[in-house]
Every structure is written in structure tokens, then in C-alpha cells.
Amino acid sequence: MAQRNLKRARVGAPGGGEGEGAGPAPAAYPGQQLQLPNYETVALMLQGGGALGAYQAGVFQGLYEAGIEPNWLAGISIGALNTAIIAGNPPEKRVERLLQFWETICQPAFGPPLPAFVEHALFNSSEAVRKAFTATQAMGAIVEGQKGFFVPRFPPPLPAVSGPPQLASYYDTTPLKATLEALCDFDRINSGDMRVSVGAVNCGTGNFAYFDNTHTKLRPEHFMASGALPPGFAAVEIDGQYYWDGGLMSNTPLYEVIQTTPRRDTLAFQVDLWSAIGPVPDNITDVQGRVKDIQYSSRTRLVTDMLQRSQRFRHVLREVLDRVPSDQRDDPWCKLADELSCSKRYNVIHLIYRQKEYEGHFKDFQFGLSTMREHWKSGLEDIRQSLAQPDWLDMPDNDAGFVTHDIHRDARGNGRG
């Protein structure tokens, strides 16, 4: 096994208790703090998916417990908002702030939330009651909005009436800016201690854009733009340009991280909220949900396989070039091969949320507190299982210099790409 450098977590992570209404409680990692090989980049990549994003918070908690500290965060949509909370706080405060963020936005925008014991009882009742209850919560998000996140515009926009682009939506996300400013230190985000990238789409050009703190001073608007999914949310103006949710074009930052130059030995945790694999729907309601799964999954495994093949060519080319006599290296073809080759190694660990039986097509805007805790718990369980697998964190030693792992992948693939 490769020699590893210890990545140490801070102790004393805050959190709630185990009783009704308590949030996910950070706990001691059920094993030793993990040591990593000498990866130059440890990346956490967070996909979009609305209310499902609490799964990502659970994954981050598991990484924190294991002492794994990413040095590059990349997010899209809700993944961008989680990115802001993580990057905008010191390590020992990140799980606490994530919990505060999710417990805030999972409350109604105006009316009081249900008493914790009532929600707990309804959510943990029969399957039929749970489905009806969660559907009611999703309807509440549509009618009332979510606290610290978005509220309906009043009066609502009329289809044929023109106005400023920032008002062309059904909901107002002004509360989100206040939430981000309250929970995030943007000086810390822009300090350079951690690389931060969030993706959005330019409404005018249709081009995909990454806002990155290595060349841009990030503000709340950059993160809000990444999550501005129309027509619910309006485009966000940044330096005279208007931007929508990055998920309209690519819902995962995987390609951005793996293809960046100069290339670096990379351990990447890809956290997806939509699974491309799922049952064939047999009713109209399930059809709507399945369409979202396929549309927003961004074909993560296909992209990963493409990146793996590309890296294999570069890696093999590097090995062949190393066998060329030194007196032949000035040949133009050898020089070109040297530019195209690459000996860097990539390890991609997939964590893909698996839909629960009670969830319908509204799962991405069903912001109930109990559901949030279930999502969080799922992410925490999946990352703990992944980190418990022998050798999954090791540097790749195959001819591609590239491996993938997925705790949910069938036994035939053995979790490897």
C-alpha cells in the first residue's frame, strides 16, 4: 500500500442530539483517522439537486470525521450553496454551519413549522401517510417558499409583460443572499486557502462559465447564479451579464476538475444527487421523476469513462515516450507526444444518492426537516462505507493511471472503472 500523509480533522465538531427534532449529530469516526497518499488535489465535487443536497452535507460530515480535508471545492446549483457554506467557515465550524443552513431552509418561509414531535410522528408513520405528508410539504414549498431561501413574487409575473431580467421568475431569492452573508465569510472564501469553483450558464451567450476564486473575487451572487434555475428563480446579474443555474447545461463539475491544467495527482469525491440508473416508470407521476433523474444525472459514469480513456492514452503515451532514446527526443513528433502525454493519476470515488420509496417527482423541492435528516444520514452512511473499503484511497497503479469506485455499483464492476 502506498505511503500516506495524515490529513487530520479538528476535534469537537458541533451538532445536535439524537432526540426528535434534533439535526444530524457529528460523531467520532468509527475507526482511525485516515491517511492519504500524496495527492496534489483532493477535490469535493457537488452536483445540483435542490432539497436532495442534504445528502452532500452528510458526505462532507463523513469526510470531516475521517480527517480528509479537500483543497478544491466545486459545485453547481445546491452544490454551489453547500460549497459556499463549507468554504466560508473554518474547518471546525463547517458541519455546524451546514446544519444551520439546512435547518433554516427546511422551514416554511412565513408560517411556523410543525412541532417537531408532530413531524416526526407523521414522517415515521405508515408508507401511505409518509407519502401524503411529504407531498404536502412539497406543495407548501410551491405555495409559500422556504425560509431564508425563496418566497413567491406578489403579484406573480404575467406571461406577456416585460421587465428587468432579475424579476422574470416566480420566486424571489433575496432571502438567500441574506442567509449566505450570515453563514459565510466571503473573505475566507477568497483567501486562497481552498480553491472554490461554481458553475453557471450565461443567459445571453448560452456559454457555460465557472466562477473560480483563483481569478475572481467571489460574492453571494456567484453562488446564487449557480442555483438560479428558471423559471422558478430569476437570472442573477454579475458584472453586466446575467446567469442561470449551471445544471441547465452540466449538472456536475466532474469534467472541470479532472480536465484542469496543469494536471495533478487527484483524489476526487464526486457527490451526485440524481441516479441515471432506475426503474422504468409505469405511471405519469413516476415519468416526471424519472425524466429529472436522467436529465440532471449528467451521465456521470459516461463522462468518467470518457475521462478515463483519455487519461489512459496520455498515460500510455508517457510510458512509451520514456522508452525513446534520449538522442531521439528532439524529433518534432516526440516533442508533440511529450506535450500530450501525462503521468498523473486520478482516483474518483462516486457517491450517488439512491431514491427512497416514499419520494415522488417533487423530491428536489420537498424541504421537510425529517426528509432532510434522512438525506443527510444517507450521505453519511455512504461515505463511511466507501472510506471503509480496503485500498480505495490508494494511488492508481494500472495502465490508465485512473480508477473509479462506487459503493453501490454491482459486483461485476467491483467498484472500479
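Where in the structure is the place of Pro262?

1. **Ground rules.** This is a predicted model, where local features need pLDDT of at least 70, side-chain atom pairs count only at pLDDT 80 or more, and totals for chains, interfaces and linings use all residues. Residues are numbered from 1 along each chain as its sequence is written, and side-chain values use heavy atoms, with hydrogens and water left out.

2. Buried means under 20% relative accessible area, exposed over 50%, and partly exposed in between, with a 1.4 Å probe and protein chains only.

3. **Phe223.** Leaving aside residues up to four places away in sequence, Phe223 touches, among others, Ala80, Leu81, Leu180, Phe186 and Leu218 (contact means heavy atoms within 4.5 Å).

4. **Strand β13.** Helices (H or I, at least four residues) and strands (E, at least two) are DSSP runs, numbered from the N terminus. In β13 (residues 402–406), 5 of the 5 residues are buried, so the strand is largely enclosed by the rest of the structure. Phe402, Thr404 and Asp406 point one way, while Val403 and His405 point the other way. Strand β12 (residues 346–352) pairs with β13 in the parallel sense over 5 bridges; pairing requires that DSSP finds at least two bridges between the strands. Opposite Thr404 in β13 stands Val348.

5. **Cis peptide bonds.** Now for the opening question: Pro262 is in the loop between α9 (254–258) and β11 (266–272). A cis peptide bond joins Thr261 and Pro262, with omega about -5°. Phe154 and Pro155 are also joined by a cis peptide bond, with omega about 0°, and Pro155 is found in the loop between β5 (151–152) and β6 (171–172).

6. **Positive phi.** Asp239 is not a glycine, yet has a positive phi of about 50°. Asp239 sits in the loop between β9 (236–238) and β10 (241–245) and is exposed, with a relative accessible area of 65%. For Asp391, phi is near 70°, again a positive value in a residue other than glycine. Asp391 lies in the loop between α13 (369–387) and β13 and is partly exposed, with a relative accessible area of 38%.
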